Amino acid sequence: MRNFTIYLVVLLCFFASKMLGQETFEQRAKTIASKIEAITKEEKAALKIEVEAVNNQLINGTITREEAESKKKLLAEARAINIEARVAVEQEALKNLVQEKVDDKIRTVDTLKIDRRRSIKIYLNDKKSKNDTIEKFESERRTTSQFVFAAGLNNVVTNKSVEKSDFRYLGSHFYELGVSYNSRIAKNNNLLHAKYGLSVMYNNLRPTDNRSFVINSNQTNLVVNPIDLSDSRFRNVYLVAPVHLEFDFSGKKMKEDKPFFRTHESVRFGIGGYAGINLKSKQIIKYDDNDLKATERTKGDFNTSNFIYGLSSYIGYKSTSLYLKYDLNPLFKDNTVKQNNVSLGLRFDFN
């Protein structure tokens, strides 16, 4: 949860800085985000080299398979500790940066420039003048921003079907949090929009029949757990960049014989896709151990794909839409049976 908070705060800070035009704040937030991403990539790359060295020892016969698996587990735990420690430093820097932004608050300006030829004055003591000015400025803008939240059901497509799935239909779910930009493509027409941004996706799968994942070389198999599990969950966290072509039927209004455009006021639908990276894979199992509640969390790559890309679409009214996503890449990159993640739920775009 702490890492998720880091990613989300970085995203919000980055896009908020874009909208407010605070270049220094934007650059610093972007630098911190880049450092967090670089830390994860660097530690994963180092772990891969270390695991390859252990595999070579196993091939050469200098260690047994059990010793190899034990070494790999210790190496993975050590790298996880490194990531947590190094990210904590950047988290503190981000916390201080956000606090500086809060303390500085929002600067008051006397003139808001629209272009080189025209400017609009804001009179803070005149309520009517201020509202008219803000409304006029909004009518000139072709790009707006939204906070995106989506949630719903999550599962996998196996052999082109989701029937008889190995995962619970109602127990498996997804979440998405992010920020997006919405740019009107035509100057005097409100139908077509380009929608783009950054999101953090949480995809959760809950296996049926008391099963959990076990890694067997380059295969990740779902097997019956010898322990009676109260919960079994497999989670993947992604940082993605969604891009959609949006059709918005909000139309236009006229004011002082000039067109006035607004978005998210009528029926709209979007088609597009997304691409990004896998930030974290984790399996969580819960069970009773001698009348005690036990929880095991196992982090690793689980042979999942390092990159994610897929197709997505949504249709709805105003800020609420029905949302469908489908990963084109398989969930596990080397498994004999290819399974692709699919999600269906509700999406909210708050202006």
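**Cavity, patch and salt bridges**

Visitor: How do the residues of the lining of the largest cavity divide into nonpolar, polar and charged?
Guide: This is a predicted model, in which local features need pLDDT of at least 70, side-chain atom pairs count only at pLDDT 80 or more, and totals for chains, interfaces and linings use all residues. Residues are numbered from 1 along each chain as its sequence is written, and side-chain values use heavy atoms, with hydrogens and water left out. Ala, Val, Leu, Ile, Met, Phe, Trp, Tyr, Cys and Pro count as nonpolar, Asp, Glu, Lys and Arg as charged, and the others, Gly among them, as polar. On that basis the lining has 5 nonpolar, 4 polar and 3 charged residues.

Visitor: What volume does the largest cavity have?
Guide: A cavity is a set of points, on a 1 Å grid over the protein atoms alone, where a 1.4 Å probe fits but cannot get out; lining residues have an atom within 4 Å of a point. Grid points are joined across faces, edges and corners, and the volume is the space filled by probe spheres set on the points. The structure holds 1 cavity of 30 Å³ or more. The largest has a volume of about 70 Å³.

Visitor: Which strand gives the largest share of that lining?
Guide: Strands are DSSP runs (E, at least two residues), numbered from the N terminus. β4 (173-184), β5 (192-205) and β8 (229-248) each supply at least two lining residues. Among the lining residues are Lys195, Tyr196, His244 and Arg347. The largest share, 5 residues, comes from β5.

Visitor: Is Val200 buried or exposed?
Guide: Val200 is found in strand β5. Its C-alpha atom and that of Val240, 40 residues apart along the chain, are separated by 6.4 Å. Buried means under 20% relative accessible area, exposed over 50%, and partly exposed in between (1.4 Å probe, protein chains only). At 1% relative accessibility, Val200 is buried.

Visitor: What accessible area does the nonpolar patch have?
Guide: Patch residues have over 30% relative accessible area and no salt bridge, and nonpolar side chains (Val, Leu, Ile, Met, Phe, Trp, Tyr) are joined within 5 Å. Areas come from the Shrake-Rupley method with a 1.4 Å probe; for residues, only the protein chains shown count as cover. β14 (320-327) and β15 (339-350) each supply at least two patch residues. Together, Ile315, Leu322, Leu324, Leu344 and Leu346 have about 450 Å².

Visitor: How many salt bridges does the structure hold?
Guide: Side chains of opposite charge can pair when their charged atoms come close. A salt bridge is a side-chain nitrogen of Lys or Arg within 4 Å of a carboxyl oxygen of Asp or Glu. The structure holds 15.

Visitor: How many residues apart in sequence are the parts tied together by Glu246 and Arg268?
Guide: The side chains of Glu246 and Arg268 meet in a salt bridge (3.0 Å, N to O). Glu246 lies in strand β8 and Arg268 in strand β11 (residues 267-289), so the parts tied together are apart in sequence by 22 residues.

Visitor: What relative accessible area does Asp349 have?
Guide: Arg347 and Asp349 form a salt bridge, at 3.0 Å from N to O. Arg347 is buried, at 3% relative accessibility. Asp349 is buried too, with a relative accessible area of 1%.

Visitor: Which partner of Arg211 forms a salt bridge with it?
Guide: Arg211 is buried, at 14% relative accessible area. The closest N and O atoms of the pair are 4.0 Å apart. The partner is Asp209.

Technical notes
On a 1 Å grid over the protein atoms alone, a cavity is a set of points where a 1.4 Å probe fits but cannot get out, and a pocket is an open set with protein on both sides within 12 Å along at least five of seven lines; lining residues have an atom within 4 Å of a point. Helices (H or I, at least four residues) and strands (E, at least two) are DSSP runs, numbered from the N terminus. Patches are made of residues with over 30% relative accessible area and no salt bridge: like charges are joined within 9 Å, nonpolar side chains (Val, Leu, Ile, Met, Phe, Trp, Tyr) within 5 Å.
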